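I'll jot down what I looked up, entry by entry.

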Amino acid sequence: MRFMTAEPFRIKMVERLKKTTKEQRQQWLKEARYNAFQIKAENVYIDCITDSGTSAMSSEQWSALMLGDESYAGSKSFYKLEASVQDIFGMPYVQPTHQGRAADYIMAKLYAKEGKFAIGNMHFDTFRGNAEVLGALAVDYVVDNGKDTASQPHPFKGNIDITKIERLIEEKGPEQVSVVIITVTCNNNGGQPVSMKNIREVSNLAKSHNIPVVIDAARLSENAYFIQQREEGYKNKSIKEITREMFSYCETATMSSKKDGLVNIGGLFVTRNEEILKHAQQLAIVHEGFITYGGLAGRDLEALAVGLQEGVDEQYLEYRINQAKYLGDRLMESGVPIIEPTGGHGVYVDGRRFFPHIPQSEFPSQRLVVALYEEAGVRAVELGACAFGAKDPITGKDIYPDVEAMRIALSRRVYTNSHMDVIANALGEIYRNRDQYKGMKLVYEGPITSLRHFTAGFELL
Ligand SMILES: *Cc1c(COP(=O)(O)O)cnc(C)c1O
């Protein structure tokens with residue numbers, strides 16, 4: 001709409017940001033051993049390391065906080081949250097948890113089985129970790145062009161490749177697959193959406209073999225908005241009609257409410273299976289808290305009940321998805337290579353195409369993270385050779401991932417499009433000078449390779 005492209009909210013309370021000098025940032029980088037996770041947040045101007053738990057709450061949410069009922073059992077706030085979740089998910093049973101990973105843990109305990117396959121588009125790391133501890137085989141069956149950062153734009157790069165599931169079932173037998181988990185949107189390849197058609201077809205296939213389907217729903221409303229905008233037959237459906245249809249195809253859903261729940265903490269385990277609910281409640285009591293609070297304060301339940309509804313508001317979603325697109329378009333104007341089309345919660349810059357002279361063994365995306373902080377005080381995160389790299393268990397040789405990117409994650413309702421311009425201008429400048437950059441060397445990694453990106457230390461080459 002002409003004249004209506006700005007943020008659909010106004011700012012009532014502000015949080016001051018510190019502007020720093022390049023010399024200061026170079027010093028802090030050195031102290032952090034060039035790892036963005038080790039930089040103090042107060043020394044960051046625009047923080048795009050994650051979109052998790054960083055949303056700005058609305059005045060309605062802040063006022064709901066005051067209504068929090070802190071009763072141990074049967075809190076009024078729980079019933080408000082339950083009604084809000086039922087409304088959006090169209091599913092009956094709700095168990096809150098303290099974060100998404102706690103819901104993942106409960107789900108893994110109930111659906112991942114030792115020696116059996118857990119199929120996903122791209123499993124989120126916390127589920128993968130839980131599944132591997134339980135001895136399950138977590139496999140990623142995202143469509144091929146969802147893995148290749150340079151591939152052609154496709155409206156639903158988060159889809160699962162159904163032929164790969166069929167092949168696995170044919171080769172190993174359906175009883176070797178314990179669960180199919182669809183992550184919406186698909187975080188690991190750029191917040192790319194999954195189509196309704198794909199969810200329906202995967203679900204039909206799984207059902208015909210008695211395999212349960214779970215949806216990891218951290219970004220449920222962003223996915224629903226993409227379906228409304230891009231998939232035939234959904235243009236005139238409301239976001240809630242779309243979310244309810246999405247969940248009609250699964251037995252259970254987990255959610256990190258730190259994303260589309262528009263709150264700073266919390267998670268959900270939602271199911272239509274009463275037996276599963278009973279087990280989930282037992283696990284919640286042991287690990288989280290009583291079933292009507294699940295590790296959260298009553299006020300957190302209130303804020304989430306409101307936040308979920310604000311998250312499915314179409315004007316909000318239009319702004320949200322178009323802010324990522326705006327940044328992506330501005331970057332492409334300067335020639336900066338990104339994963340196309342832009343996804344829901346950020347922009348992924350292709351490290352290999354940005355620095356073609358820096359091999360994956362010298363961490364091109366990490367080098368870009370360092371350059372962006374050094375030049376502009378903007379903090380992004382590497383999702384490439386460091387975060388997803390592995391070692392061959394037999395030869396000890398390094399294995400490099402398909403995705404080699406720097407993710408610029410966008411917090412919800414936090415930064416304006418002027419902040420996007422700062423990011424785009426800085427990256428444009430770095431891109432013009434790209435030949436002057438050399439790679440990096442990993443000089444420290446923690447004991448667990450799959451978690452090394454949080455604590456790794458680097459040197460510049
Ligand atoms: C963030 C996230 C999780 C884990 O949730 P936390 O609240 O961070 O524990 C699980 N799955 C997906 C897809 C996520 O984005």
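**Entry 1: the ligand's contacts**

I started with Gly100, where a backbone N or O atom lies 2.8 Å from an oxygen atom of the ligand. I'm working with a predicted model here, so none of this comes from an experiment on my side. How much of the ligand's own accessible area does the protein cover? I looked that up next: on its own the ligand has 380 Å² of accessible area, and the protein covers 98% of it.

Then I went to the side chains. Asp216 has a side-chain N or O atom 2.8 Å from a nitrogen atom of the ligand. For Ser256, I noted 2.7 Å between a side-chain N or O atom and an oxygen atom of the ligand.

**Entry 2: the shell around the ligand**

How many residues surround the ligand? I got 13, and the closest are Gly100, Arg101, Asp216, Ser256 and Lys259. Sorted by class, I have 6 charged, 5 polar and 2 nonpolar residues in that shell.

**Entry 3: two domains**

I checked the domain assignment next. Domain 1 comes in two stretches, 22–51 and 315–460, while domain 2 runs over 59–311. Their centres, taken over C-alpha atoms, are 27 Å apart. Where the two meet, I noted 26 residues of domain 1 in contact with 29 residues of domain 2. The area buried between them is about 2,300 Å², and carbon and sulfur atoms give 55% of that.

**Entry 4: Ile291**

I picked out Ile291, which sits in the loop between α10 (274–287) and α11 (298–311). Which residues does Ile291 touch, leaving aside neighbours within four places in sequence? My list reads Phe78, Gln95, Pro96, Gln281 and Ile285. I also looked at Ile291 and Gly74: they are 217 residues apart in sequence, yet their C-alpha atoms are 8.7 Å apart in space.

I found a cis peptide bond from Val184 to Thr185, with omega near -25 degrees. Thr185 is in the loop between β5 (177–183) and α7 (196–208). Another cis bond goes from Glu340 to Pro341, with omega near -10 degrees. Pro341 belongs to the loop between α12 (314–333) and β9 (346–350).

Last, I looked at Leu262. Its phi is near 55 degrees, a positive value in a residue that isn't glycine. I placed Leu262 in the loop between β7 (252–256) and β8 (267–271).

Notes:
Residues numbered from 1 in each chain as written. Predicted model: local features only at pLDDT ≥ 70, side-chain atom pairs only at ≥ 80, totals over all residues. Heavy atoms only, no water. Near = heavy atom within 4 Å. Polar contact = N/O pair within 3.5 Å; in protein donor to acceptor, adjacent residues only side chain to side chain. Areas by Shrake-Rupley, 256 points an atom, 1.4 Å probe, with all protein chains shown as cover. Nonpolar A, V, L, I, M, F, W, Y, C, P; charged D, E, K, R; others polar. Domains from an automatic or database assignment. Contact = heavy atoms within 4.5 Å. Buried area = accessible area lost by both parts, 1.4 Å probe. Helix = DSSP H or I, 4+ residues; strand = E, 2+ residues; numbered from the N terminus.
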